[in-house]
Amino acid sequence: MLRSSQPLTGPNRKRCREDEMLLGTVLDEGERGFIIDTRSAQAAKQARMTGGGTEPKSSYPQWRRLHRPLERGRPLQESFIKLVEACNDTSINMDRWLSRLESCRWLSHVKAALSTACLAAQCMDREEASVLVHGVEGTDTTLLVTALAQVILDPSCRTLAGFQGLLEREWIKAGHPFHLRCARSAYSHARLKQEAPLFLLFLDCVWQLSRQFPFSLEFSEHLLLTLFDNAYASAYGTFLCNNEKERRVGREVGTPQCRMKESTHSLWAWLNQPGEKKKYLNPLYSRNALVIWPSVEPQSIQLWQGLFFRWIRSSQYLDEAWAEIQRLAEDD
C-alpha cells in the first residue's frame, strides 16, 4: 500500500517521468495496481486548474484509477457540529431527534470512510494488487483510508502497541495537521476554515470495528476516547503542531526550535505505564489472525454513544459493568 498527494499535472497535463518510473517499479510485468482517489472525478478534474490533477491513463497503463469521494473540510466540520448540538438537546422528541441525526450526515461520513477502506483492503487481499491512495495533499482522507485499511487487514495493528505505532506512522509522522484540524471543537463559535474532525472520524470508524468484532481488538473504547481528548486538548506533545518539521523548528521561519521530545512528554509513554496500560485493554480480546470485514450496511453503522452522549448521560453503570468484566477476565 502506497500513499501520496495528488500529482501536479496542471492544465497542460505535465508529466513526471520519475513518478511514472517509481510507480512502474512497484508492479511486475502483467500485474496491475489500483489508484484510489478520495476526491470525486469532477473535483480531481477541477484541481488541474490550480496545478493539481490525476494520473493520465496513458502514462500509467498498469494502474486503474477509482474515485471514492470523502469529505475533508468545512462540510465535515459542520456535520460534527450539528451532531453534537443534536446530541446535547434533551428537549427534542423522537421524530425530531431522528430527523436531526439524519440531516447532520455524520453516520454517512462514517459509512463512506469504512467503505473506501474496505475497497483498498479488498484490492490488496482478494486481488493481491498494489494500492496507491491519495487525495489533495495526502494528509487527511488519504491517511484515514490507509490507516483503516491496515486495521482491517493486519492483526498486529489491532494490538495496543501496534495501534500506537499505526497512529505514529500514518497520522503523526505522515503530517496530519492536528493544530489546524483540531484547533477548537464543536462547541466553539468560531468557524475556522481549515478545521475538520478527520482524526475523530477515524476513531469513530475504529469504534465501529470494535463493536462489530468485540474480541479482535486488544484495546478498549476508553483508549479511543482518550485519544480524542488528547487530539483536542492535551498535556502531552504527541499531537502538537502540524508536521514533523514544525515539531523540530517551530511553525514560522525564525522561531526557536520546539524540541518537542525535550520539552514535552509522550502520550504513549504515559499510556504504556503498567498501572495505566491495563485501563485501556479489552478483557475480551482474543487474537484474530484473519482479516476483519466490517458490515457497512446502514443498519450496521451506529452512533458512538460513548463519545457523543458522554456529556449528557452518566456512564457509571457501564463503567461498573466493564470493571466487573475485567475482574472476571483476570480471575480466569
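Which side chain meets arginine 181 in a salt bridge? Aspartate 140 does, at 2.9 Å from N to O. A salt bridge here is a side-chain nitrogen of Lys or Arg within 4 Å of a carboxyl oxygen of Asp or Glu.

## The model

This is a predicted model, in which local features need pLDDT of at least 70 and side-chain atom pairs count only at pLDDT 80 or more, while totals for chains, interfaces and linings use all residues. Residues are numbered from 1 along each chain as its sequence is written, and side-chain values use heavy atoms, with hydrogens and water left out.

## Overall build

The protein chain holds 16 helices and 4 strands. Its radius of gyration is 21 Å, close to the 20 Å that the globule rule gives for 332 residues, so the chain is as compact as a globular protein of that length. The radius is taken over C-alpha atoms, and the rule is 2.2 Å times the number of residues to the power 0.38. Helices (H or I, at least four residues) and strands (E, at least two) are DSSP runs, numbered from the N terminus.

Along its principal axes, the C-alpha trace spans about 60 × 50 × 45 Å. Of the 332 residues, 45% are buried. Buried means under 20% relative accessible area, exposed means over 50%, and partly exposed lies in between (1.4 Å probe, protein chains only).

## Helix 7

Helix 7 covers residues 160-172. At 1.5 Å a residue, its 13 residues should span 18 Å, and the end C-alpha atoms are 17 Å apart, which agrees. The expected span is 1.5 Å times one less than the number of residues.

The buried residues of helix 7 are Leu160, Phe163, Gln164, Leu166, Leu167, Glu170, Trp171 and Ile172. They cover an arc of only 155° around the axis, which puts them on the same side of the helix. The arc is that of the directions from the helix axis to the C-beta atoms.

## Salt bridges

The structure holds 13 salt bridges. Side chains of opposite charge can pair when their charged atoms come close. One of the bridges joins glutamate 137 and arginine 72, with the closest N and O atoms 3.9 Å apart. Glutamate 137 lies in the loop between strand 4 and helix 6 (141-153), and arginine 72 in the loop between strand 3 (63-67) and helix 3 (74-88), so the pair ties together parts that are 65 residues apart in sequence. Glutamate 137 is partly exposed, at 49% relative accessibility. Arginine 72 is also partly exposed, at 27%.

Back to the opening pair: arginine 181 and aspartate 140 meet at 2.9 Å, N to O. This pair links distant parts of the chain, with arginine 181 in helix 8 (residues 178-181) and aspartate 140 in the loop between strand 4 and helix 6, 41 residues apart. Both residues are buried. Another bridge joins arginine 247 and glutamate 244, at 2.7 Å from N to O. Both lie in helix 11 (residues 244-249), 3 residues apart, about one turn of the helix. Arginine 247 is buried, with a relative accessible area of 7%. Salt bridges that share partners join Arg72, Glu137, Asp140 and Arg181 into one network.

## A nonpolar patch

Phe215, Leu284 and Ile325 make a nonpolar surface patch of about 240 Å². Patches are made of residues with over 30% relative accessible area and no salt bridge; like charges are joined within 9 Å, and nonpolar side chains (Val, Leu, Ile, Met, Phe, Trp, Tyr) within 5 Å. Accessible areas come from the Shrake-Rupley method with a 1.4 Å probe; for residues, only the protein chains shown count as cover.

Phenylalanine 215 sits in the loop between helix 9 (198-212) and helix 10 (221-232). This phenylalanine is partly exposed, with a relative accessible area of 48%.

## Positive phi in two loops

Most residues other than glycine have a negative phi. Arginine 13 has a positive phi of about 55°, although it is not a glycine. Its place is the loop between strand 1 (2-4) and helix 1 (17-26). Arginine 13 is exposed, at 52% relative accessible area.

Glutamate 128 also has a positive phi, near 55°. Its loop runs between helix 5 (106-125) and strand 4 (130-134). Glutamate 128 counts as exposed, at 70% relative accessibility.
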